[in-house]
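Dear colleague,

Please find the structure below, handed over for your files. My notes on what was found in it follow directly after.

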Amino acid sequence: MGWRALLTGLPPRERFTAVDDISVAVMPGEVVGVLGRNGAGKSTLLRLIAGIYAADKGAIALSGDVAGLFELGGFGNGQLTGRAFVLRYLQFFGVMKSSWNEIVADVHDFSELATYFDEKIHTYSAGMGARLYFAAATAIAHEIYLIDEVLSVGDEHFQAKSWARMRERLACGAAGLLVTHDWSAVIKLCRTSRVLQAGRVVLDGRSDTVVAQYLDLPKADAARACLMVDEGQIMCGVSGETLHIGFEVQVKHCMRVEAAVSIEALQLGVGWESIILTEFSSVADQPGRYWAEFTVERLPLAPGDYLLSLFLATPPDPGSGVRDVLDARGWTYGNGVTLRVGGEPRVGLAPFAVAWSQGGE
Amino acid sequence: MALSIVATGLEKHYSLISSKTVKRALHGVSFTIREGERVGFIGVNGAGKTTLLQLIAGISDASVGHLSIAGKVTAIFTMGLGLRDDFSGVENIYIEGELQGRSREATAKVISEIVTFAELGEFIDRPVRTYSTGMKARLAFSTIVHIDPEILIIDEALSVGDARFAAKATRKMKELTQRGKILIVVSHSMGSIVDMCTRCIWLEDGKVKLDGAPQEVTNAYLDQVHAEDDEKLFERFKRELTDESLMACWRVESLDMHSVASARMVRTVLTGEPCVLSAQVQGISGSSFDVRLHLRRLDGLVVHESLLSGSAPLMESGGSGPTTVRMDLGELPLNYGTFIVRVDVLVDGHIAARRSTLFEVINPRPHKGGRPVLVYPSTFNVTPLPA
């Protein structure tokens, strides 16, 4: 019987199970993604792990200092200045006094608060508070990071900076849990992911597989036009040389068909980048069989495996601008094609040509 | 009598409560505006635009200087500010008319025209508090332009309302000024200044910085704003940049991005624009060196790395001055974003010196479907196959 029932004699309100029978283990150097729509129980899960809420059933074991990167900007004491907040943070986590000056300077710089750093937190905007908190929580190395949509703080430059910093922290062997509804963040940061739905884990596995299932994109019926490309097919190219990707397209109706190609680099837990993406170009306007050849001179891709996606679509509807996808191959549909690029190993994603010369005086 | 505004040495001082010092919002502003002129005032926030407009509108007085105005001034400062929330659109039109000293009968003659212009549909009979901001702006604009103002002042008017209404409002204002009226516009939209005005005055720190044709003045203004933006970005990420000498006498003295078309140093380049990185390497005379180019995006993604010795012979450090190393990136294949580029000078396989700089890439025609790292040419050929 709860307090409400004890004090008022009223029956307890209906109970709501936010998180139901979830087990998750995260090892050092690993970030596990938890995807889910609003109300799926993601935030509750994070707060249970952080010890903000107590679980009704089950156990949580953590080894290491926890940095909770959620409810950014929700500070206990708005009377503190940004600087005082950072000092308190350092004291709380038992950071050696000798390194305080350096860390405070780093947070001051990273948070870009300038003179506001010495103003009271209650004068901050939500974004400023979030920047301060993110900068403080990532300035010192924690063993465990609990992240809730954190990387959407600040403008584009600040976000880029935050990603770089988060990666750096995780590369040092921290363990993390990222809850988000942004599937691209999960792909970039997590090797494995879960999908939560109504408090339960409904999908579990490699992030790309989980994301493809989570997205559950409607597969094109390929009834009007289709790609004669097998699922899981491997196409080959060589770095720095001309790439030819040829495939057959069958058009069954009298209609305009356009095609586009996308090449993406995906290293689970490290990064996901679209590297080359073409605009749609015309394939046919008559029924028949066609050979389409996509050519890239001096292929600017480092050796390795890439995700190749092919799309067949109608021209955009003049009113809505929306294309009708006729057929597609791609990892987000769960039927992707691999582009295997050979050549000498190189640093950097895009070895495009650079002409070196010695300039005059 | 011809309408005119003549300002001579206008100054406006505000005393700040927190300090004893006086803030000079205007600092000796002089100009003459004649009948039929459409003048746009531009400048960063705090340049004194609003203060100047308040003086012209008679809301405040100049501390120093003289302002003589021939004509009746109508000002729309914040669109919708003068509207009364509990009255309907129609009632507001009548109230506005009376404030302008017009009889009910005179307003009744133009009311259907105003209502049509405002395009509020059935909302015209509902209280103004039920309107969206855009609807209030449309109503306010419509009431004002239909009362034949002599000198019309509009502050940021065109930023509200949808694009189509803004276009209509612009046409209406052109029509007004063609009837020999004076129009004064303050806007952050350079496009609407160029479209609407015959003259543009750029205020900076309470002074007239430039006064002339709208296209020229807005271009000069945008150039300065962009240069300041570049400077701010650079300042912000200064800490990420290096300039190190790891071996005695070796140093990369400069590292700059050059646009081939404009033949000058730039911090911002366009996707597809031919550009060249240029480094000045100072070293021990007669020793040969290799150079490594390392390019990463601000979020840490290593985009590119290449080595001089990968495609050309090593270079030799000159006797007198630094050696210029040119790295021609061709038609820049990078998509929009901010990048940090670093040059390492290698002597016998060891880093002798390095330096990095930052540049921003702008893509005027971004992809609709995503944000690829590269914007790289490709072709698509289709040949029919036998049935």
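The contact between the two chains takes 45 residues from chain A and 46 residues from chain B, where two residues are in contact if their C-beta atoms, placed from the backbone, lie within 7 Å. On the side of chain A that touches chain B, at least two residues each come from α6 (156–171), β11 (271–277), β12 (281–284), β13 (288–296) and β17 (355–358) of chain A; helices (H or I, at least four residues) and strands (E, at least two) are DSSP runs, numbered from the N terminus. β13(A) gives the most to this side, with 9 residues. The residues of that side divide into 24 nonpolar, 11 polar and 10 charged; Ala, Val, Leu, Ile, Met, Phe, Trp, Tyr, Cys and Pro count as nonpolar, Asp, Glu, Lys and Arg as charged, and the others, Gly among them, as polar.

Please note that this is a predicted model, in which local features need pLDDT of at least 70 and side-chain atom pairs count only at pLDDT 80 or more, while totals for chains, interfaces and linings use all residues. Residues are numbered from 1 along each chain as its sequence is written, and chains are lettered from A and ligands numbered from 1 in the order in which they are written.

Strand pairing also links the chains. β17(A) and strand β18 (residues 323–331) of chain B run antiparallel and are joined by 4 bridges; two strands pair if DSSP finds at least two bridges between them. Within this pairing, A:Gln358 stands opposite B:Val325 of β18(B).

In chain A, an open sheet of 6 strands has the order β2-β3-β4-β1-β5-β6, with mixed pairing. Its edge strands, each pairing on one side only, are β2 (66–69) and β6 (200–206) of chain A. From one strand to the next, the twist averages 15 degrees, with axes being lines fitted to C-alpha atoms, for helices over the stretch in contact, and angles running from 0 to 180 degrees between N-to-C directions. Strands β1 (residues 31–35) and β4 (residues 175–180) of chain A run parallel, joined by 5 bridges, and A:Gly33 has A:Leu178 as its bridge partner in β4(A). Helix α2 (residues 42–50) of chain A lies across β1, β2, β3 (144–148), β4 and β5 (192–197) of chain A, at about 155 degrees to β4(A).

The largest nonpolar core has 132 residues, and A:Ala136, A:Leu178 and A:Leu312 have the most contacts inside it; such a core is a set of buried Ala, Val, Leu, Ile, Met, Phe, Trp, Tyr and Cys residues joined through C-beta atoms within 7 Å. α5(A) gives the most to this core, with 9 residues. Apart from it lies another core of 55 residues, including B:Ala25 and B:Ile56.

A:Leu132 is found in helix α5 (residues 126–139) of chain A. A:Leu132 is buried because 28 other C-beta atoms lie within 10 Å; the cut-offs are 20 or more for buried, 12 or fewer for exposed, and partly exposed in between. Not counting residues up to four places away in sequence, A:Leu132 touches A:Gly82, A:Phe85, A:Ser111 and A:Leu113. Its C-alpha atom is separated by 7.2 Å from that of A:Val107, 25 residues apart along the chain. A:Val107 is one of the buried residues of α4(A), and A:Ala136 touches A:Val107 as well.

With kind regards
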